[in-house]
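Me: I'm new to this structure and would like to learn how to read it. Can we go through it feature by feature?

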Amino acid sequence: MNSIIRRSVLGVAGLAVAGGLAAGPLNHQDAAPVTGVSAVAVQESAPDTAVLLPHGEPAGQSRIDLNEEQVANTKAIIAATKKAGMDERAAVVAIATSLQESKLENLGHLGDRNDHDSQGLFQQRPSSGWGTVEQITDPEYSTLAFLKGLKQVDGWEDMPLTKAAQTVQVSAFPDHYAQWEKQAADLVAEHWKS
């Protein structure tokens, strides 16, 4: 009898915790990320390769050498990912997307070479509702905007990177994101704790 009561109490407690999580700050856009011991523990632990590359190491990868600006932008993307309360895999998707879109360079308007009004790390367009020019050329804002779109993709965590990125970006070249997955994972592994 005591074990039945104990299981019932634990079951109700589990439902209360699950209900609290479902109604908690992760489901509210304006909520601040949770800080404290758990956030520190996430920052201090080494990224897990299975999280960074859940589908294994991809074939056909590209790689570029990064300058100081590109490394700073990588770190800004990682910091914004943490601020959004998302994990290392989200940072890999964001960095791979930025590698494809701008080679991690915070691009302004390129004149005749511009793709419509695309700008910033993710080549987001003010005319498509991503924000003002000032916003989309701010690394934190543009990353948070990208991640907000990513959060709205059901099952993005289990998708191939290129499909998750394409669902947010709607690129004319949807398969190009995949070529940057390994370098993005390496950058997250290197800079997640910094």
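**Reading the helix packing**

Reply: On one side, Asn73, Ala76, Ile77, Ala80, Thr81 and Lys83 of H4 touch Pro139, Glu140, Thr143, Leu144 and Leu147 of H7. Sorted by class, this H4–H7 contact holds six nonpolar, three polar and two charged residues. Keep in mind that the model is predicted.

Me: How do the axes of H4 and H7 cross, and at roughly what angle?

Reply: Helix H4 covers residues 68-83 and helix H7 covers residues 139-151; their axes come within 9 Å and cross at roughly 50°. That angle makes H4 oblique to H7. As for handedness, H4 passes H7 in a right-handed crossing.

Me: Let me step back for a moment. What does the secondary structure of the protein chain come to?

Reply: Nine helices and zero strands. Read from the N terminus on, the elements go α-α-α-α-α-α-α-α-α.

Me: And how much of the protein chain is buried?

Reply: A residue counts as buried when its relative accessible area is under 20%. Here, buried residues make up 37% of the 194 residues in the protein chain. The chain exposes about 10900 Å², and carbon and sulfur atoms supply 55% of that area.

Me: What share of the contacts comes from residues 24 or more positions apart?

Reply: Counting contacts with a separation of 6 or more, residues 24 or more positions apart account for 64% in the protein chain.

Me: OK, H5 to start. At what angle do H5 and H9 pack?

Reply: About 125°, with their axes 8 Å apart. That makes H5 oblique to H9, and H5 passes H9 in a right-handed crossing. From H5, the contact takes in Glu88, Arg89, Ala91, Val92, Ile95, Ala96 and Leu99; from H9, it takes in Glu181, Gln183, Ala184, Ala185, Leu187 and Val188. By class, that gives nine nonpolar, one polar and three charged residues in the contact of H5 with H9.

Me: And H4 with H9: how do their axes cross?

Reply: The axes of H4 and H9 come within 10 Å and cross at roughly 75°. That makes H4 roughly perpendicular to H9. Val71, Thr74, Lys75 and Ile78 of H4 meet Leu187, Val188 and His191 of H9. Four nonpolar, two polar and one charged residues form this contact of H4 with H9.

Me: Which residues is Thr162 in contact with, leaving aside its neighbours within four places in sequence?

Reply: Once those neighbours are set aside, Thr162 touches Pro174, Asp175, His176, Tyr177 and Ala178.

Definitions and conventions: Residues are numbered from 1 along each chain as its sequence is written. This is a predicted model: local features need pLDDT of at least 70, side-chain atom pairs count only at pLDDT 80 or more; totals for chains, interfaces and linings use all residues. Side-chain values use heavy atoms; hydrogens and water are left out. Axes are lines fitted to C-alpha atoms, for helices over the stretch in contact, and angles run from 0 to 180 degrees between N-to-C directions. Helices (H or I, at least four residues) and strands (E, at least two) are DSSP runs, numbered from the N terminus. Angles under 35 degrees count as roughly parallel, over 145 as roughly antiparallel, 65 to 115 as roughly perpendicular and the rest as oblique. A crossing is left-handed if the near helix is turned anticlockwise from the far one by less than a right angle, and right-handed if clockwise. Contact means heavy atoms within 4.5 Å. Ala, Val, Leu, Ile, Met, Phe, Trp, Tyr, Cys and Pro count as nonpolar, Asp, Glu, Lys and Arg as charged, and the others, Gly among them, as polar. Buried means under 20% relative accessible area, exposed over 50%, partly exposed in between (1.4 Å probe, protein chains only). Accessible areas come from the Shrake-Rupley method with a 1.4 Å probe; for residues, only the protein chains shown count as cover.
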